[in-house]
Amino acid sequence: MQYINIANRGVKFLSPYQAGKPIEELERELGISNIVKLASNENPFGFPESAKKAIFEQLDKLTRYPDANGFELKQTIAKKFGVQPNQITLGNGSNDLLELFAHTFASEGDEIIYSQYAFIVYPLVTKAINAVAKEIPAKNWGHDLQGFLTALSDKTKLIYIANPNNPTGNFLTTQEIEDFLAKVPQNVIVVLDEAYTEFTRSEERVDSFRLLKKYSNLIISRTLSKAYGLAGLRIGYAVSNPEIADLLNRVRQPFNCNSLALTAAVAVMNDDEFVEKVAENNRVEMRRYEEFCQHHQLEYIPSKGNFITIDFKQSAAPIYDALLHEGVIVRPIAGYGMPNHLRISIGLPEENNRFFTALSKVLKLA
Ligand SMILES: Cc1ncc(COP(=O)(O)O)c(C=O)c1O
């Protein structure tokens with residue numbers, strides 16, 4: 001029996017998501033230690049102390065189901081961004097939410113628009129529900145929103161925009177997004193995936209909550225996996241108009257967010273100092289990556305995220321392998337159609353030094 005023949009039709013066209021290589025796996029494979037992982041856009045400062053404390057206080061309550069409505073976290077998010085709790089949907093990481101949007105609004109044969117080189121979960125979700133993918137060719141590695149508008153049809157249900165985008169780091173301004181939203185019909189849902197927004201400077205950050213007041217078809221998707229450092233706990237949130245939130249909450253699994261994630265998220269969302277430290281390190285260290293690339297004439301895509309993508313102008317696979325042997329894990333992105341690029345997550349200064357030294361050795365840079 002070939003079970004692929006009885007799987008949902010869209011599943012036949014899926015390949016499993018390629019996650020960054022875990023440190024323990026490389027330790028097992030090469031028998032080396034002191035490994036630096038710059039592969040999954042995780043938070044280099046580790047798990048925030050504020051979240052750790054909140055978790056310990058929660059341990060004795062783990063025999064109970066989590067709060068299915070995430071009351072406290074919704075209150076915290078609502079207060080922080082000046083929205084109402086009934087506009088919020090919580091997810092088991094924002095991947096959970098990205099999937100939920102498609103399940104809620106699109107069916108087989110409906111069209112979903114996203115960009116070439118955009119976050120890989122968009123095609124994955126689209127195929128899984130047998131929707132029709134409208135992948136718009138990228139412009140300078142980023143979203144061509146004019147191309148999105150041209151692709152709109154009466155079958156379009158959903159649009160995904162990653163801002164900043166992963167793996168390219170491209171960024172759209174508030175004006176560009178607003179001009180776009182003004183031209184999209186209200187019956188098409190626009191998902192603004194802002195997984196990396198905390199890494200942008202406050203003066204350039206997209207004012208998405210203001211846009212939400214004006215455009216009722218907008219959903220803002222955010223995560224606590226990156227700047228907030230909770231990737232292993234899996235927690236994200238979406239903010240939308242209350243009617244959309246109500247629909248999402250009907251489809252959502254009731255206990256999709258676990259108690260530890262909920263409690264840690266409340267703590268860290270009140271920990272502005274931690275997030276500011278993380279963003280500041282990212283700014284300073286990103287500059288060092290840019291200078292390193294410029295100095296060695298390596299082409300990179302300017303990034304507003306916590307990662308940078310370098311074009312090696314040749315297959316990056318051997319470079320990736322050689323870096324592994326130096327104990328440095330970065331991210332190959334051939335799966336995105338970018339076989340000559342590697343994506344490097346910005347780490348702590350000493351981790352980045354390890355990368356610079358390892359790459360200099362591998363490429364025999366002067
Ligand atoms: C653009 C983008 N959106 C969403 C996510 C999902 O993150 P999580 O599921 O950890 O919230 C990622 C993770 O890498 C991402 O790069």
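Reader: Which side chains meet in a salt bridge with N to O at 3.3 Å?

Author: Those of Glu111 and Lys134. This pair links distant parts of the chain, since Glu111 is in strand 3 (residues 111-115) and Lys134 in strand 4, 23 residues apart. Keep in mind that we're looking at a predicted model.

Reader: What's the general idea behind such pairs?

Author: Side chains of opposite charge can pair when their charged atoms come close.

Reader: How many salt bridges does the model have?

Author: The count comes to 23. One of them joins the side chains of Glu25 and Lys21, at 2.9 Å from N to O. Here Glu25 is partly exposed, with 26% relative accessible area, while Lys21 is buried, with 13%.

Reader: And which residue does Lys361 form a salt bridge with?

Author: With Glu326, where the closest N and O atoms are 3.2 Å apart. Lys361 sits in helix 13 (residues 349-363) and Glu326 in the loop between helix 12 (317-325) and strand 11 (328-329), so this pair ties together parts 35 residues apart in sequence. Lys361 is exposed, at 55% relative accessible area, and Glu326 is partly exposed, at 27%. There's also a network: salt bridges that share partners join Glu178, Asp207, Arg210 and Lys214.

Reader: Okay, on to the backbone. What should I look for in phi and in peptide bonds?

Author: Most residues other than glycine have a negative phi, and most peptide bonds are trans.

Reader: Where is the cis peptide bond with omega of about -5°?

Author: Between Asn163 and Pro164. Pro164 belongs to the loop between strand 5 and helix 7 (174-183).

Reader: What about phi: which value does Asn130 have?

Author: Near 65°, a positive value in a residue that isn't glycine. Asn130 lies in the loop between helix 5 (121-128) and strand 4 (132-136), and is buried at 14% relative accessible area. Trp141 has a positive phi as well, about 70°. You'll find Trp141 in the loop between strand 4 and helix 6 (145-151), partly exposed at 28%.

Reader: Which atoms lie 2.6 Å, 2.7 Å and 3.0 Å from an oxygen atom of the ligand?

Author: At 2.6 Å there's a backbone N or O atom of Ser94. A polar side-chain atom of Asn166 lies 2.7 Å from a ligand oxygen, and a backbone N or O atom of Asn95 lies 3.0 Å from one. As for cover, the protein hides 94% of the 400 Å² of accessible area that the ligand has on its own.

Notes: Residues are numbered from 1 along each chain as its sequence is written. This is a predicted model: local features need pLDDT of at least 70, side-chain atom pairs count only at pLDDT 80 or more; totals for chains, interfaces and linings use all residues. Side-chain values use heavy atoms; hydrogens and water are left out. A polar contact is a pair of N or O atoms within 3.5 Å; within protein, one must be able to donate a hydrogen and the other to accept it, and residues adjacent in sequence count only if both atoms are side-chain atoms. Accessible areas come from the Shrake-Rupley method with a 1.4 Å probe; for residues, only the protein chains shown count as cover. Helices (H or I, at least four residues) and strands (E, at least two) are DSSP runs, numbered from the N terminus. Buried means under 20% relative accessible area, exposed over 50%, partly exposed in between (1.4 Å probe, protein chains only). A salt bridge is a side-chain nitrogen of Lys or Arg within 4 Å of a carboxyl oxygen of Asp or Glu.
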